[in-house]
Amino acid sequence: MTSPADTAPFLEARGITMDFPGVRALDRVSFSARCGEIHALVGENGAGKSTLIKILGGIHPGDSYAGELLLEGRPAHFWSPRDAASAGIAVIHQELSLIPHLSVAENIFLGAEPRRCGFIADFDRMRHDAETILSGLNSELEIAAPVSSFGVAAQQMVEIARAIRRENRLLILDEPTASLSEPESLNLLSLLRRMRDRGQAVVYISHRLDEVLAVADRITVLRDGRVVGTGDRGDWTRERLICAMVGRDMSGKSVARGKGKGEPILHVRDVWATDPASGKRVVDRVSFDLHRGEILGVAGLMGSGRTELALTIFGAWPAAWGGAVWLETAGRPVRSVSDAIEQGVALVPEDRRRHGLVLDFPVFDNLMLVHLPRYAKAGVTDEATAARDARAIAGRLDIRAPSLQTPVLRLSGGNQQKIVVGKWLMRPPAVLLLDEPARGIDVGAKFEMFRIIRELADEGTAVLMISSELPEVLALSDRVLVMRRGRVGAVLEGCDATPERIMEAAV
Ligand SMILES: Nc1ncnc2c1ncn2[C@@H]1O[C@H](COP(=O)(O)OP(=O)(O)OP(=O)(O)O)[C@@H](O)[C@H]1O
Ligand SMILES: [Mg+2]
């Protein structure tokens, strides 16, 4: 039997260099995808991972970079994603690309609807095939519902289903598990292993290094656009990976424990919310208090109602909801987003592209939008102080951008996410609701972000943090609330919260 290393790679990039205004995104990068192999690509935010993937997937056309691509040993040029697709390459990009008002099934088969007699769209077959693919992913999504009625995690599943609807020679996944919870991610990883065992090539990008170490056959590390290491899985440990990614040793770093919680500040009583499409309760009689100075982690499976709960508390749930939410300090309940903001509640939403950023505005404006009034003296904005504060937060979170005037659109995915969270870290609110704040953020920046969140809590902010990554929930939370089918499955004190107990309460 020939091992994958003996045969020519299915796809190879040689000496790729690509520039954007003010940045060299890739510098003489060589990378290959072999059949029967899972090749992981890791690196800090802005290292160049997505840029390389966009070249392999035909988004950046053949004349936008220097260097060459070889398909099964022969020079190739991709001028569009269609070219890459017809070579047997499927890509799941970091930013979702679904059409919101179309159904799950329609999105899965977009542009490739099964047809009868060659031209009539065969909807029965489309529904049947969509169900087969989704059940292979252990997903129970309602295939007739529009994708806009689902959260980011479910949309990610649709995106995955679309990429695997037909057998491809190479599947490239750019952070597919960033919004998936543990069981869903494990599911995806075992699917990738099956594809590899069938002889397909897989390229896998993730900031979750445990996943990378569990699934990869080979790992390549990018730093500042250069390959700083590549080798078989056996050559790597978690520490070595981190060291190669950030260029320094991060071991032994941890976020300090909090100073302990103060008096209750936010009260949530018997809160419920219904799904706009089905009318079913997605949040069901949830009650808890959030204390000054504490970080309450919220864990649970996809669809357990975590995001819906945060939106409801913030007064932003778009369908029917009830129950009571009020702050200790305010004389009246929170009934709307403007009540929430006025009373000092802030929400960092899950879907940054839809709710968290104005993409074509500069970094500075995105950081400052909600704060500018506070920098005004007698109607004039104190630009110098505002700029200094913005630079400080950008520095602490290591936001990589050519300047604060660069439109957010031009930043890497993780750097965009740092801005969404960063704008709330500049001026602490009384209550901060964070929905997957560290999604897509690299290890170094994540550590710094958690340290800032802990500092905010120590200064008195009450923090509620939804996260699908158990290690991060456990590292940061004083208490953990586990959601299960819309209800509170358990509330665990920090010392009692173990991954096992959380999973037990979640399923
Ligand atoms: N369309 C663009 N215009 C200008 N600069 C860009 C563009 N796309 C990417 N860049 C820059 O290229 C560099 C590499 O970005 P890339 O998106 O490849 O990083 P990444 O490794 O995928 O990071 P992340 O982990 O945050 O997703 C960054 O400095 C980024 O700002
Ligand atoms: Mg990226």
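Helices (H or I, at least four residues) and strands (E, at least two) are DSSP runs, numbered from the N terminus. On that basis D224 sits in the loop between β11 (218–223) and β12 (226–232). The model described here is predicted.

**Backbone at D224 and R285**

Most residues other than glycine have a negative phi. D224 has a positive phi, near 45°. R285, also not a glycine, has a positive phi of about 45°. R285 belongs to strand β14 (residues 281–291).

**The magnesium site**

Two protein residues donate to the magnesium ion (ligand 2): S50 through OG and Q94 through OE1. S50 is part of helix α1 (residues 49–56), while Q94 is in the loop between β6 (89–92) and α3 (104–108), so the pair ties together parts that are 44 residues apart in sequence. Both S50 and Q94 are buried.

**Ligand 1**

Q94 also has a contact with ligand 1, through an N or O atom of its side chain.

| Residue | Protein atom | Distance to an oxygen atom of ligand 1 |
|---|---|---|
| G48 | polar backbone atom | 2.9 Å |
| Q94 | N or O atom in the side chain | 2.9 Å |
| R410 | polar backbone atom | 3.1 Å |

Taken alone, ligand 1 exposes 630 Å², and the protein buries 89% of that. Which elements give two or more residues to the shell around ligand 1? They are β2 (23–33), α1 and α14 (413–425).

The shell holds 19 residues. The closest are G46, K49, T51, S412 and G414. By class, the shell divides into 5 nonpolar, 11 polar and 3 charged residues.

**A457 in helix α15**

A457 is found in helix α15 (residues 443–458). Its relative accessible area is 1%. Buried means under 20%, so A457 is buried. How far is A457 from R115, C-alpha to C-alpha, and what separation along the chain goes with that distance? The two C-alpha atoms are separated by 57 Å, and the residues are 342 apart along the chain.

How values were computed
Residues numbered from 1 in each chain as written. Chains lettered and ligands numbered in written order. Predicted model: local features only at pLDDT ≥ 70, side-chain atom pairs only at ≥ 80, totals over all residues. Heavy atoms only, no water. Donors = N, O, S within 2.8 Å, 3.2 Å for Na, K, Ca; no water. Buried < 20%, exposed > 50% of the residue type's maximum accessible area, 1.4 Å probe, protein only. Near = heavy atom within 4 Å. Polar contact = N/O pair within 3.5 Å; in protein donor to acceptor, adjacent residues only side chain to side chain. Areas by Shrake-Rupley, 256 points an atom, 1.4 Å probe, with all protein chains shown as cover. Nonpolar A, V, L, I, M, F, W, Y, C, P; charged D, E, K, R; others polar.
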